[in-house]
Amino acid sequence: MKATAKAHPIQGLVKYHGMRDEELRLPYHDSISVCTAPTHTKTTVEFRPDAAEDVYRIGGEEVTGRGAERIDAVVDHVRGLAEFDHAVRLESENSFPSNIGFGSSSSGFAAAAMALAEAAGLDLSRPDISTIARRGSSSAARAVTGAFSHLYAGLNDEDCRSERIESDLEDDLRIVAAHVPAYKETEQAHEEAAESHMFEARMAHVHEQLQTMRDALREADFDRAFELAEHDSLSLTATTMTGPAGWVYWQPRTIAVFNAVRELREEEDVPVYFSTDTGASVYVNTTEEHVERVESAVAACDVETDVWSVGGPAEILPESDALF
């Protein structure tokens with residue numbers, strides 16, 4: 001009753017904002033993302049029939065409070081599906097910085113859901129497992145199915161699940177990650193999103209954006225897809241900044257990266273676009289041909305950089321990779 005899984009975090013392309021149901025983490029509308037590699041979370045879980053309580057650790061530190069409650073939601077759902085109440089030990093490690101806008105909760109809950117389902121002996125597809133991961137983080141549903149994935153909105157697990165979108169862009173996409181450390185409160189931003197006067201405006205146009213993104217990915221139209229992702233980042237941030245708390249995540253170096261990207265595009269005709277989720281760090285999307293030039297320009301903004309490619313679906317690892 002033990003298993004280890006790995007999952008890649010996501011970059012939101014058409015991002016969701018706000019939750020219709022906070023307990024089941026049902027979003028108001030669909031969302032589309034791409035997984036980033038080699039960044040990943042590795043998680044080992046074990047059901048322990050003789051243990052008295054659950055134990056959760058991330059990076060060697062015990063998880064308590066709201067973090068533990070979110071893991072409980074995933075663990076309890078798996079226990080319900082498996083029809084037992086065994087205690088769980090869960091250990092998880094990230095290969096990249098967490099809580100700076102690079103989707104660590106998505107890969108964390110995706111890896112946990114994948115490992116829990118395997119350890120419990122559940123015979124489920126990845127879209128099925130995406131409904132388990134969603135209870136920890138809606139974005140984690142898309143990290144389960146991997147690569148370019150679409151999370152459908154709905155009011156139950158039959159409808160609100162993730163499916164992969166096949167695209168020839170998977171091989172050519174390169175993502176220059178610009179690290180801009182700044183603490184963020186993604187969950188609170190989602191909780192108050194619907195209170196922004198911009199929320200209804202976002203809801204009015206996002207459905208067309210979703211269809212446009214699907215078409216661009218299927219047709220491998222790089223510029224169309226990532227120009228849309230850039231504009232969706234601005235739309236998301238407008239909604240976030242106009243909520244009750246007035247969250248402003250971007251930092252001076254975030255804006256510097258934006259300006260560098262636009263200069264490359266407008267003055268050197270480089271295919272490159274920026275994207276952000278709820279954080280100060282920036283995803284800079286370009287192609288394999290231009291990635292060295294783009295990374296050089298981004299690094300000149302006084303930020304740490306990495307170059308990532310497209311990551312696949314969550315997967316079960318061999319026993320030799322277990323964390324305990």
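What follows is a working chat about one predicted model.

Biologist: What should I know about the model before we start?
Modeller: It is predicted: local features need pLDDT of at least 70, side-chain atom pairs count only at pLDDT 80 or more, and totals for chains, interfaces and linings use all residues. Residues are numbered from 1 along each chain as its sequence is written, and side-chain values use heavy atoms, leaving out hydrogens and water.

Biologist: How many helices and strands does the protein have?
Modeller: There are 10 helices and 16 strands. Both are DSSP runs numbered from the N terminus, with helices being H or I of at least four residues and strands E of at least two. The radius of gyration is 19 Å, close to the 20 Å from the globule rule for 324 residues, so the protein is as compact as a globular protein of that length. That radius is taken over C-alpha atoms, and the rule is 2.2 Å times the number of residues to the power 0.38.

Biologist: And what does the C-alpha trace span?
Modeller: About 65 × 45 × 35 Å along the principal axes.

Biologist: Which strands are in the open sheet?
Modeller: Six strands, in the order β8-β7-β9-β6-β1-β16, with mixed pairing. Two strands count as paired if DSSP finds at least two bridges between them.

Biologist: Which ones stand at the edges?
Modeller: β8 (61-62) and β16 (315-317); each has a single partner strand, so one side of each is left without a neighbour in the sheet.

Biologist: Is β1 parallel or antiparallel to β6?
Modeller: Antiparallel, with six bridges between β1 (residues 2-7) and β6 (residues 41-48). Ala3 has Val45 in β6 as its bridge partner.

Biologist: How many bridges join β6 to β9?
Modeller: Eight, and those two strands run antiparallel, with β9 covering residues 87-94. Thr43 is opposite Ser92 in β9. By contrast, β7 (residues 55-58) pairs with β9 in the parallel sense over four bridges, and Tyr56 is opposite Leu90 in β9.

Biologist: Changing topic, which residues of α3 are buried?
Modeller: In helix α3 (residues 126-133) they are Ile129, Ser130, Thr131, Ile132 and Ala133. Buried means under 20% relative accessible area with a 1.4 Å probe, protein chains only.

Biologist: What do they pack against?
Modeller: α1 (65-82), α2 (104-119), α4 (138-145) and β11 (162-164).

Biologist: What share of the whole protein is buried?
Modeller: Buried residues make up 56% of the 324.

Biologist: And how many contacts join residues at least 24 apart?
Modeller: 76% of the contacts between residues at least 6 apart in sequence do. A contact means heavy atoms within 4.5 Å.

Definitions and conventions:
Buried means under 20% relative accessible area, exposed over 50%, partly exposed in between (1.4 Å probe, protein chains only).
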